[in-house]
Amino acid sequence: MDILDIAVVGAGPGGIACARRAMEQGLSCVVIEKGRKVLQGIRETYPRGKGVYPTVPRGADEDYIVNEIRPIGDKEPVEEYLVRIEAFVAEAGIPMRLGQEFKGFEKAKGHFIVHTDHGALHARNLVMAFGSNIPVELGVYGEAKTVARNLENPEAYLGAPALVLGGGSTAADIVAVLSRLKRERGDETPVYWGHRRTTMRVEKDVARDMGEEILLGGNIKILHNVVPKLGEVDEEGIERLVVQTQKMPLDGGVYLLQSLSFPMKNVIACIGSQGPAPVFRKLGLQMITCTAGICKIGKEGSELLLLNQSLETSQKGVFAIGGAVSPVYMGAFEEGTIKENKHPNLIYTAVRDGVAVADEIAQRLKA
Ligand SMILES: Cc1cc2nc3c(=O)[nH]c(=O)nc-3n(C[C@H](O)[C@H](O)[C@H](O)COP(=O)(O)OP(=O)(O)OC[C@H]3O[C@@H](n4cnc5c(N)ncnc54)[C@H](O)[C@@H]3O)c2cc1C
């Protein structure tokens, strides 16, 4: 059985920097990334054409440590940054398992069994570098893993009805883009726009584009009170998402339900993201609940991950870095005190954390 020195979860700036430093230290490592490319987090959250700033937090050392990951100049267009970092990862030969989602870990003798949706791997240390952008689960009975979370290739939605879930600007934007493409290509199949509530909350510019699209004849069908219910495979082997569109109470506690079923490949769910607290909780790592007396930065009632000075969690050998522990975590200090630690959500911070953790692990393994 091969046991790696480090398994890193997430190929963002933090995970890449950690793996790169681990390799320089002569350690064996692999990066598990759920996206099909590195920097998936940045691909999903930065608007097109955005400049990536090499911001250094106030009071920090100017040194970016892994200079290749520093955005070039005052700001580097995100498209160029993505291409450049992808080339850097390939050139450095950083081992990547793309398209694999981390699911959890369990402790074995002297190492961890790290579970992904493609099986397990074994590692002495685990570095969680999965960022702060954890998609909200669809919450359906059954599996709905193949439902897209963003619009990667609009052309793939031509020729069949599409369903976009979500009541915000991102969902509205995708509905308008898809409708326009279908209209321009003479494709009469509709774009359904489904939302759990009766009102959508979209920015003015997006609402204007949507209004224009409807007036120009876009085939958009708006569905209110839509609840995703079930992920299933039909008799032809097609993965489908069933969404409830109406619920009418009958006598005696009986409901009449109406639903629509879409092939999952035609569904895009823009139902938002959440911080990683639920993931840490599920993994059984110690968290501290903010109370007015303890927290100044964290919101009262929110749970903050407990980390020691080496960014190690309550589970020895499991570390958390970068966006996953931003903007604040609970720092445990040697003298036994615990206090809030401000942790800016920046590429700089993620890179610095990744390097520090790889160095710490190398030092322990060589001791
Ligand atoms: C709109 C926007 C603009 C920003 N602009 C700047 C800027 O100009 N300059 C700057 O310094 N910072 C900027 N930031 C912040 C910066 O992007 C983050 O601080 C940085 O990306 C954090 O790096 P990370 O490696 O910790 O996490 P991320 O970059 O979020 O990477 C995490 C990776 O983990 C993967 N992942 C998540 N869950 C799993 C799982 N279960 N299994 C496997 N893989 C998983 C994700 O797909 C992702 O690729 C910006 C952030 C946003 C949202």
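**Ligand shell, domains and sheets**

Helix H2 gives the most to the shell around the ligand, contributing 4 residues, where a residue belongs to the shell if its C-beta atom, placed from the backbone, lies within 6 Å of the molecule. The structure is a predicted model, in which local features need pLDDT of at least 70 and side-chain atom pairs count only at pLDDT 80 or more, while totals for chains, interfaces and linings use all residues. Residues are numbered from 1 along each chain as its sequence is written.

Around the ligand there are 34 residues, of which Gly 10, Gly 12, Gly 41, Gly 131 and Gly 322 come nearest. At least two residues of this shell are supplied by each of helix H1 (13-24), strand E2 (29-33), helix H2 (40-45) and helix H7 (347-366); helices (H or I, at least four residues) and strands (E, at least two) are DSSP runs, numbered from the N terminus. By class, the shell holds 17 nonpolar, 14 polar and 3 charged residues, with Ala, Val, Leu, Ile, Met, Phe, Trp, Tyr, Cys and Pro counted as nonpolar, Asp, Glu, Lys and Arg as charged, and the others, Gly among them, as polar.

Two of the helices that contribute to the shell, H1 and H7, also meet one another, for their axes come within 7 Å and cross at roughly 30°. Axes here are lines fitted to C-alpha atoms, for helices over the stretch in contact, and angles run from 0 to 180 degrees between N-to-C directions. H1 and H7 are therefore roughly parallel to each other, a term applied to angles under 35 degrees, with those over 145 being roughly antiparallel, 65 to 115 roughly perpendicular and the rest oblique. H1 passes H7 in a right-handed crossing; a crossing is right-handed if the near helix is turned clockwise from the far one by less than a right angle, and left-handed if anticlockwise.

The chain is divided into domain 1 (4-132 + 316-321 + 341-366) and domain 2 (154-269), with bounds that come from an automatic or database domain assignment. The C-alpha centres of the two domains lie 35 Å apart.

Strands E14 (residues 239-249) and E15 (residues 255-263) pair over 9 bridges in the antiparallel sense; Val 242 has Ser 261 in E15 as its bridge partner, and Gln 246 stands opposite Gln 258 in E15. E14 and E15 form a hairpin with 5 residues between them, and Gly 252 in the turn has a positive phi of about 70°.

Another open sheet, of 4 strands, has the order E18-E19-E21-E22 and mixed pairing. Its edge strands are E18 (287-289) and E22 (338-342), each of which pairs on one side only, and its neighbouring strands are turned by 40° against each other on average, direction ignored. E18 is joined by 3 bridges to E19 (residues 303-307), the two running antiparallel, and Leu 304 in E19 is the bridge partner of Ile 288.

Methods
Two strands pair if DSSP finds at least two bridges between them.
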